[in-house]
Amino acid sequence: MFLVGLTGGVATGKSTVSNMFRELGVPVIDADAMARRIVEPGRKAWKAIRAEFGQCVFHDNGELNRAALRTIIFEDEEQRQKLNRITHPEIYKEMCWEAVKCAAAGHQYIVMDLPLLFEAGVMVAYMHKIIVVTCEEDLQLQRLMEQRHLSERDSKLMIGAQMNMDQKASMAQFVIENSGSLQDTCEQVSRIHVNLTKSFFHWRVRLFFGVAIGGLVGLVYLISKKDKLPNPRLFVHDILKL
C-alpha cells in the first residue's frame, strides 16, 4: 500500500474529487473530518484550544465556535500558528491510525485529503504521489462565498492564508483542473486512478514490511529457543561429575 496526497485551495473542488475516488473504491482519509473529530468536547485538542483562546471561541453547549475562531486566525498569523501547533499533531495521529486500518484491509493505495499538505509540510515526505486540484481564481472566490456564505473580504482572507495555487501545482505529480464540467473532472480522476493502479510500488512496500516482520518473528523465535537451551557451564559441570 502507498499514500497519495490530495490537496488544493479552499473551494477548488477537492471534496468533489475525493468523492470520485471513493466511487472508484479507493479509501479516502479526510483531514477535515479528522479535524472535526479532534475538537469534540473533552478531547485533548479541545482542551488546548480552550486554554489558549478562551471561552469566546466556544458555544454555550461546549462545542467549538468555528466562525469565532476563524475570525481570529485569518487576521493574525501568530494566532493561526498557535492553532496549527495544537491541532495538526492530533489530526496526523488520527489519519495515521485510519491508514493502518486501510493497509490491514489490503488496499493498493490510500488518498490522504490534506488541504494544508504543502503549508504544513509534515506529511509531504510520506506521499508516494501528490495530486493538486485547481480552478480559476474568480471561480474559486465565487464558490467560497456561495458555499460558506462569507463576505468577499473574508473569502479573500481565507484564500490568502493558503499557498499560491501555481506554487502547489508545480510540486505535484498530477494536477486536476476543476473549472469545467463534472464529466471533465471525472475523466481526469479516472486517468490518474488507472496510472496509480499500474504502479508496483505497493508490492515493494509490502515486501519491505514482510521482511521486517519476518525478521522480527525470527529474532523472537531464536531468543525463545535460547532461553530453553541448558546453561553451557552447568552442562560441562554435570559431565565432569560423571
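This is a predicted model: local features need pLDDT of at least 70, side-chain atom pairs count only at pLDDT 80 or more; totals for chains, interfaces and linings use all residues.
User: What counts as a helix or a strand, and how many of each does the chain have?

Analyst: Helices (H or I, at least four residues) and strands (E, at least two) are DSSP runs, numbered from the N terminus. By that rule the chain has twelve helices and five strands. Of its 242 residues, 39% count as buried.

User: Which residues of helix 2 are buried, and why are they said to line one face?

Analyst: They are Ala-31, Met-34 and Ile-38, in a helix that runs over residues 31–38. Looking down the axis of helix 2, these buried residues fall within an arc of 60° (taken from the directions from the helix axis to the C-beta atoms), so they line one face. An α-helix has 3.6 residues a turn, so residues three or four places apart point the same way.

User: What covers those buried residues of helix 2?

Analyst: The cover includes strand 2, helix 3, helix 5 and strand 3. Contact here means heavy atoms within 4.5 Å.

User: And what about helix 1: which of its residues are buried, and where do they sit around the axis?

Analyst: In helix 1 (residues 14–23), the buried ones are Lys-14, Val-17, Ser-18, Met-20 and Phe-21. Their arc, seen down the axis, is 160°, so these residues also line one face of helix 1. Among the elements covering them are strand 1 (2–8), strand 4 (129–134) and helix 10 (182–197). After helix 1 comes Gly-25, with a positive phi near 90°.

User: Is Thr-12 buried or exposed, and how do you know?

Analyst: Buried, because its relative accessibility is 0%. Thr-12 is in the loop between strand 1 and helix 1. Its contacts, leaving aside neighbours within four places in sequence, include Val-133, Thr-134, Cys-135 and Asn-178. Thr-12 and Val-132 are 120 residues apart in sequence and 9.6 Å apart in space, C-alpha to C-alpha.

User: What makes the phi of Ala-11 worth a remark?

Analyst: Phi of Ala-11 is positive, about 70°, although Ala-11 is not a glycine. Most residues other than glycine have a negative phi. Ala-11 lies in the loop between strand 1 and helix 1, and its 13% relative accessible area makes it buried. His-149, too, has a positive phi, near 55°. His-149 is in the loop between helix 7 (137–148) and helix 8 (152–160), and at 70% relative accessibility it counts as exposed.

User: Why are helix 3 and helix 5 described the way they are, and what is their angle?

Analyst: Helix 3 (residues 44–53) and helix 5 (residues 77–104) pack at about 170°, with axes 10 Å apart. Axes are lines fitted to C-alpha atoms, for helices over the stretch in contact, and angles run from 0 to 180 degrees between N-to-C directions. Angles under 35 degrees are roughly parallel, over 145 roughly antiparallel, 65 to 115 roughly perpendicular, and the rest oblique. Helix 3 and helix 5 are therefore roughly antiparallel. Their contact includes Ala-48, Ile-49 and Phe-53 of helix 3 and Gln-79, Leu-83 and Ile-86 of helix 5.

User: What makes Gln-79 buried, and what does Gln-79 touch?

Analyst: Its relative accessible area is 18%, which is under the limit, so Gln-79 is buried. Gln-79 touches Phe-53, Ile-72 and Ile-73, not counting residues up to four places away in sequence.

Technical notes
Residues are numbered from 1 along each chain as its sequence is written. Side-chain values use heavy atoms; hydrogens and water are left out. Buried means under 20% relative accessible area, exposed over 50%, partly exposed in between (1.4 Å probe, protein chains only).
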